[in-house]
Amino acid sequence: MTHNDIDTLVKSWIVDAAIRPANPRVQAIVLRLVTDLCKAMEDLDIQPAEFWTGLDFLANAGASHELGLLAPGLGLERFMDIRADEAEAKAGLNGGTPRTIEGPLYVAGAPESQGFARLDDGSESAQAEVLFMQGTVYDQQGKPLPGAKVEVWHANLMGNYSFFDQSQSSFNLRRTIYADAQGRYQFRSIMPKGYGCPPGGSTQRLLDLLGRHGQRPAHIHFFISADGQRQLTTQINIDGDEYLWDDFAFASREGLVPAVTQVSDAAAITAKDLQQPFASIDFDFHLYPETAAAPTSQIERNRAAA
């Protein structure tokens with residue numbers, strides 16, 4: 001079939017077959033996706049067995065809750081960030097902290113604190129390097145934002161996240177911190193490890209067929225928000241990680257790899273009530289003001305809540 005033939009055929013299925021008023025947005029999206037899929041089937045000579053194998057793959061990925069992992073692995077979540085960056089630039093918003101993907105492992109309802117929080121529950125203290133991270137939340141003009149909301153979450157030394165990993169305590173390595181009167185935040189945690197896709201899972205099986213690995217560098221996720229500001233979804237990567245610029249989720253970006261300082265000064269160690277050296281990261285967040293000229297930064301999607 002020609003592409004024009006396919007256009008006419010799929011329109012007859014999706015548009016012409018409607019017997020009652022349709023949702024125009026849903027109709028337009030389904031028409032485009034089914035049309036493009038049919039054209040791919042024709043152009044690539046996709047056989048029925050291949051089609052049903054693909055459908056089974058998607059069903060299995062959904063049943064194992066891996067579609068949220070597959071989306072970043074195929075670059076789709078990064079592509080949405082690229083489009084959001086372009087929309088903000090078109091609206092005249094430039095120079096703020098870069099966004100990057102949320103991923104599928106946020107959990108709503110983390111314990112709240114003012115100015116400072118300890119994220120880890122101490123269960124890995126014997127093996128982990130202590131990490132302090134601190135900084136200030138600013139608006140686009142460089143003015144501190146008192147009370148800014150800093151939501152933070154990251155993996156443990158096994159590359160696993162609490163809630164999804166039932167062996168961890170509730171909200172381990174997850175907190176919500178409200179910045180102090182000077183817009184400052186700080187937390188104590190442990191240096192996270194990177195993680196890989198489940199070895200036998202749907203995402204890794206597809207990546208294997210594509211000749212790709214499924215590893216992520218060590219990183220820390222953030223939602224940053226404040227009154228009158230656009231929410232920032234981002235993460236910082238840990239400098240020196242083997243996969244720093246080879247992230248299977250394509251989330252590494254310039255401006256999101258802060259320096260890690262190793263602190264061994266005795267007075268500094270004592271001031272932190274520690275007995276051993278620790279790592280320190282300084283990182284400031286710069287938010288954009290809310291504007292009707294760009295799509296909303298509040299992304300509606302199903303998220304876990306504990």
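I began with the accessibility classes: buried means under 20% relative accessible area, exposed over 50%, and partly exposed in between, with a 1.4 Å probe and protein chains only. By that rule F250 counts as partly exposed, because its relative accessibility is 38%.

A note on ground rules: the model is predicted, so local features need pLDDT of at least 70 and side-chain atom pairs count only at pLDDT 80 or more, while totals for chains, interfaces and linings use all residues. Residues are numbered from 1 along each chain as its sequence is written, and side-chain values use heavy atoms, without hydrogens and water.

Back to F250: its phi is positive, about 60 degrees, although it is not a glycine. I found F250 in the loop between β9 (232-237) and β10 (261-263); strands here are DSSP runs of E, at least two residues, and helices runs of H or I, at least four, numbered from the N terminus.

Next I looked up F163, another non-glycine with positive phi, near 80 degrees. F163 sits in the loop between β5 (149-154) and β6 (174-178). Buried or partly exposed, I wondered of F163? F163 is partly exposed, because its relative accessibility is 35%.

Last, the second largest pocket, which holds about 590 Å³ of space. Its lining has 24 residues, and H65, L69, P104, L105 and F164 are the closest to the centre. A pocket is an open set of points on a 1 Å grid over the protein atoms alone, where a 1.4 Å probe fits, with protein on both sides within 12 Å along at least five of seven lines; lining residues have an atom within 4 Å of a point. Helix α4 (residues 67-73) gives the most to this lining, three residues.

Methods
Points joined across faces, edges and corners; volume = space filled by probe spheres on them.
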